[in-house]
Amino acid sequence: MKKIILLTLILTMSLFLFVGCAQDQEPPTEDPVVENPDTEEPSDETDTEEPVDEPDNENSVKTGLAVITSVEKSKDAAEEDGVGQSDSVVVAVTVDQEGKIVKAAIDTAQTKINFSNEGIITSDVSEDYKSKQELGPEYGMKRASSLGREWNEQANALAEYVVGKTLEEVKGITVDESGVPTEVDLTSSVTIKVSSYIEAIEKAMNNAQYLGAEAEDKLGLGIETTIAKSKDAGEEDGLAQAYSNYTATTFDADGVITSSIIDASQANVNFDAEGKITSDLTAPVLTKNELGEDYGMKGVSDIGKEWNEQADAFSKYVVGKTIEEVTGLSVDESGHATEEDLTSSVTVGIGSFQYIIEEAEATSK
C-alpha cells in the first residue's frame with residue numbers, strides 16, 4: 001500500500017513539474033511583418049490644361065475671323081507705273097453649337113500702290129483706302145455685271161446664302177473652272193468668283209471660338225488700310241506696303257460688345273530703282289496673329305508682350321463696353337492708351353483698334 005501511495009505522489013509531482021515548465025515557455029512569436037511603404041509610382045500624366053472652349057449657355061455661339069491675302073497681281077513698272085497690289089479677303093462669322101453659320105460678313109481690302117520706273121512711289125501715301133464694302137457703288141462692278149449688281153451686293157448675297165449651312169455644306173458649294181458658282185440658288189444673285197470666299201469662310205469657321213457672343217447678337221466687320229509706310233527705292237529697295245487692321249466684333253441688343261477679335265496684316269512688295277519687283281509674289285502673307293512670336297515685337301516691348309498678345313488683351317478689354325466707351329478710351333498724343341487697366345497689357349497704339357471696332361458697330365447686322 002505504501003508503494004502505491006508513493007508512486008501516486010511521484011506521478012502527481014511530475015505532472016505539476018510538466019505543467020509548470022510548459023507555463024514558463026515563451027509564447028510563440030510571429031515573424032515581423034515587413035510592409036513596403038506606400039510608394040506610388042510617379043504618374044506619367046502632367047498637369048497640362050487644354051484651353052477651355054466651352055459655351056456659356058445653350059444660346060452661345062462661336063465668333064470667327066479669317067484673312068487671306070495675295071500680292072500676286074503686282075506688276076513691274078515699264079512705260080506705265082508698276083503696282084504693288086494686295087487683295088485681302090476678309091470673313092467674319094458666328095457659328096452655333098451644331099456647327100451651322102448664324103451670321104456672316106464678307107469684304108475685300110484691295111490696295112493698289114503705284115511706283116514709277118525710277119523707283120518712286122506715285123500713289124498718295126496719305127490717302128485712305130476703302131474696302132470694297134466701303135466703296136459700294138464706287139467700285140464700279142454694276143455696269144459690267146450681267147446681273148446689274150454691285151460687288152458688295154453680291155458678297156452680301158453670298159453671306160446670306162451660307163447662313164444655316166455647316167462647314168461641309170459651304171465647302172460643297174459648286175463652282176465652275178473659274179470659281180463662279182453654278183448652283184441655281186446662287187446664280188441669280190452672285191456671278192463673282194467665290195472660291196476665295198469659300199476658302200475664307202472655311203478658315204473663319206475653323207478659327208471660331210466661344211468668346212461671349214450669343215445667337216441673336218449682331219455681327220460687324222471692320223477694316224482700316226493705310227499705305228503710309230511705303231517708300232521710294234534708293235540704295236535699298238523701295239517698299240509698297242498695304243497695312244490693314246481687321247476686326248470681327250459682336251454687339252447685343254443694347255449695343256454692348258459681347259465678343260471681339262482683332263488682327264492685322266502687312267502686305268509688302270519690294271521694288272528696285274528701275275521699278276522691277278524684287279519680292280517673291282507667291283510667298284504667303286500671314287497676319288500678325290498667324291505670325292505670333294515670329295512678328296518679333298516681344299523682344300522690344302516694354303511689357304514683354306507680342307503684338308498678338310496685346311491685340312488679344314485689347315479685344316478682351318472692350319467686351320462689356322459700348323462703342324462710346326471704346327472710342328472714349330483715353331490715349332496720349334501718339335495714340336497709346338493711358339488708362340491703368342490697359343497700360344499693363346497694351347502698349348501698341350490703339351487708334352486703329354478703336355476705329356475698326358467703331359466701323360464694325362456701324363456695319364453690324
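This is a predicted model: local features need pLDDT of at least 70, side-chain atom pairs count only at pLDDT 80 or more; totals for chains, interfaces and linings use all residues.

Visitor: Great. Which residues touch the most other members of the largest nonpolar core?

Guide: Those are I106, L158, V162, Y197 and I201, in a core of 29 residues. At least two residues of this core come from each of β2 (82-95), β3, α3, α4 (167-171) and α6.

Visitor: And what does Y197 touch?

Guide: Setting aside residues up to four places away in sequence, Y197 touches V89, V91, I106, T108, W151, L158 and I192.

Visitor: What does the second core include?

Guide: That separate core has 24 residues, among them Y243, F353, I356 and A360.

Visitor: Back to α3. Why is helix α3 described as largely enclosed?

Guide: Because eight of the eleven residues in α3 (residues 151-161) are buried, the rest of the structure largely encloses this helix. The buried ones are W151, N152, Q154, A155, A157, L158, A159 and Y161.

Visitor: What do they pack against?

Guide: Their packing partners are β3, α2 (132-135), α5 (184-187) and α6 (195-207).

Visitor: New topic: how many cavities of 30 Å³ or more are there?

Guide: The count is one, and the largest cavity has a volume of about 40 Å³. Its lining includes T111, Y129, K130 and T225. β3 (101-115) and β5 (218-226) are the elements that give two or more residues to that lining. By type, the lining residues divide into three nonpolar, four polar and three charged.

Visitor: Is T111 buried or exposed?

Guide: T111, which lies in strand β3, counts as buried, at 2% relative accessibility. Leaving out neighbours within four places in sequence, T111 is in contact with G84, Q85, S86, Y129, T225, I227 and A242.

Visitor: You mentioned K130 in the lining. What does K130 form a salt bridge with?

Guide: Its partner is E138, with the closest N and O atoms 3.5 Å apart. E138 is exposed, at 57% relative accessible area, while K130 counts as partly exposed at 41%.

Visitor: How many salt bridges does the structure hold?

Guide: Seven. One of them pairs E290 with K203, at 2.6 Å from N to O. E290 is in helix α7 (residues 288-291) and K203 in helix α6, so this pair ties together parts that are 87 residues apart in sequence.

Visitor: Which residues are joined into one network by shared partners?

Guide: E168, K171 and E202. Within it, the closest N and O atoms of E202 and K171 are 3.8 Å apart.

Conventions. Residues are numbered from 1 along each chain as its sequence is written. Side-chain values use heavy atoms; hydrogens and water are left out. On a 1 Å grid over the protein atoms alone, a cavity is a set of points where a 1.4 Å probe fits but cannot get out, and a pocket is an open set with protein on both sides within 12 Å along at least five of seven lines; lining residues have an atom within 4 Å of a point. Grid points are joined across faces, edges and corners, and a volume is the space filled by probe spheres set on the points. Helices (H or I, at least four residues) and strands (E, at least two) are DSSP runs, numbered from the N terminus. Ala, Val, Leu, Ile, Met, Phe, Trp, Tyr, Cys and Pro count as nonpolar, Asp, Glu, Lys and Arg as charged, and the others, Gly among them, as polar. Buried means under 20% relative accessible area, exposed over 50%, partly exposed in between (1.4 Å probe, protein chains only). Contact means heavy atoms within 4.5 Å. A nonpolar core is a set of buried Ala, Val, Leu, Ile, Met, Phe, Trp, Tyr and Cys residues joined through side-chain atoms within 4.5 Å. A salt bridge is a side-chain nitrogen of Lys or Arg within 4 Å of a carboxyl oxygen of Asp or Glu.
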